[in-house]
Amino acid sequence: KGRKFVFRSVNRLDRNTSGIVLVAKDRLSSANLSLQMKNDGICKSYLAILDGELNETNETIETYIRRKQQSIILREVCEKQDDAKIAITKYRVLAVANGMSLVEATPVTGRTHQLRVHFAHLGAQILGDDLYGHGSDKIQRHALHAYKLVFSHPQTNEQTVLYAPLPEDMKCLIEKNFGKVLDKSND
């Protein structure tokens, strides 16, 4: 539209994670949304296909996570210590089939690689996650999609809910293995 625009990303996604990213159009909105993010006022929900069958329906994972020694990328679950931070993830199992679980996951805290580390810790890595498990012939990336974002609009203060449609690779995997495609009406 020919307007000046500075890219102000409020949140981010790991490489090879699909889904929604929130971008502010101006400084004031960016400051407001960043404060919401800092104060846990923004809720992100993900869909993940796990390599393993989880029995629990609704659970909370609460661990400490730190950077793995001698790595700038990898994180690991650990005991409480100086360089570790609390990490909390809530999840619910939506379907289980063919040795896999389809889950909705909501990180309460926002640690680097949190969902990937937590599910690998449970013994059910995110399908295709070659950093915290192994690759897959079923998908060419890790099967993780940020599908829902809830926040207060920075100008109107109204609760805003945004959805990102499933990418084709995950949509096909879900249809093939779980027999249905999820949409936002299932919330």
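I started at Ala 24, which lies in strand S3 (residues 23-24); strands here are DSSP runs of E with at least two residues, helices are runs of H or I with at least four, and both are numbered from the N terminus. Ala 24 is buried, with a relative accessible area of 2%. My notes use buried for under 20% relative accessible area, exposed for over 50%, and partly exposed for in between (1.4 Å probe, protein chains only). This is a predicted model, so I kept in mind that local features need pLDDT of at least 70, that side-chain atom pairs count only at pLDDT 80 or more, and that totals for chains, interfaces and linings use all residues. Residues are numbered from 1 along each chain as its sequence is written, and side-chain values use heavy atoms, with hydrogens and water left out.

I then checked Ala 24 against Asp 169: they are 145 residues apart in sequence and 29 Å apart in space, C-alpha to C-alpha. Met 170 sits in helix H3 (residues 168-178). Met 170 counts as buried because its relative accessibility is 0%.

**Salt bridges**

My rule for a salt bridge was a side-chain nitrogen of Lys or Arg within 4 Å of a carboxyl oxygen of Asp or Glu. The count by this rule is six.

I looked up Asp 14 with Arg 116, whose side chains form a salt bridge at 3.4 Å, N to O. This pair links distant parts of the chain: Asp 14 is in the loop between strand S1 (8-9) and strand S2 (18-19), while Arg 116 is in helix H2, 102 residues apart. Asp 14 and Arg 116 are both buried.

Next came Glu 76 and Arg 66, with a salt bridge of 2.7 Å, N to O. Glu 76 is in strand S6 and Arg 66 in strand S5, so this bridge ties together parts that are 10 residues apart in sequence. I found both Glu 76 and Arg 66 buried.

What about burial? Asp 169 is partly exposed at 30% relative accessible area, whereas Arg 141 is buried at 12%. I also noted one network, in which salt bridges that share partners join Arg 12, Asp 14, Arg 116 and Asp 129.

**Largest pocket**

For pockets I used a 1 Å grid over the protein atoms alone: a pocket is an open set of points where a 1.4 Å probe fits, with protein on both sides within 12 Å along at least five of seven lines, and lining residues have an atom within 4 Å of a point. The largest one has a volume of about 550 Å³, where volume is the space filled by probe spheres set on the points, which are joined across faces, edges and corners.

Which residues lie nearest its centre? They are Lys 44, Tyr 46, Pro 107, Thr 109 and Gly 110, out of 25 lining residues. The elements that give two or more residues to this lining are strand S4 (43-51), strand S8 (100-107) and helix H2 (114-121). By class I logged 10 nonpolar, eight polar and seven charged lining residues; Ala, Val, Leu, Ile, Met, Phe, Trp, Tyr, Cys and Pro count as nonpolar, Asp, Glu, Lys and Arg as charged, and the others, Gly among them, as polar.

**Tyr 91**

I found Tyr 91 in strand S7 (residues 85-97). Tyr 91 counts as buried, since its relative accessibility is 5%. The C-alpha atoms of Tyr 91 and Leu 115 are 9.8 Å apart, and the two are 24 residues apart along the chain.

**Loops and positive phi**

Most residues other than glycine have a negative phi. I therefore flagged two that go the other way, starting from that general rule.

Gln 70 is not a glycine, yet its phi is positive, about 60 degrees. Gln 70 is in the loop between S5 and S6, and is exposed at 89% relative accessible area. Asn 157, also not a glycine, has a positive phi of about 65 degrees. Asn 157 is in the loop between strand S9 (144-152) and strand S10 (159-163), and is exposed at 59%.
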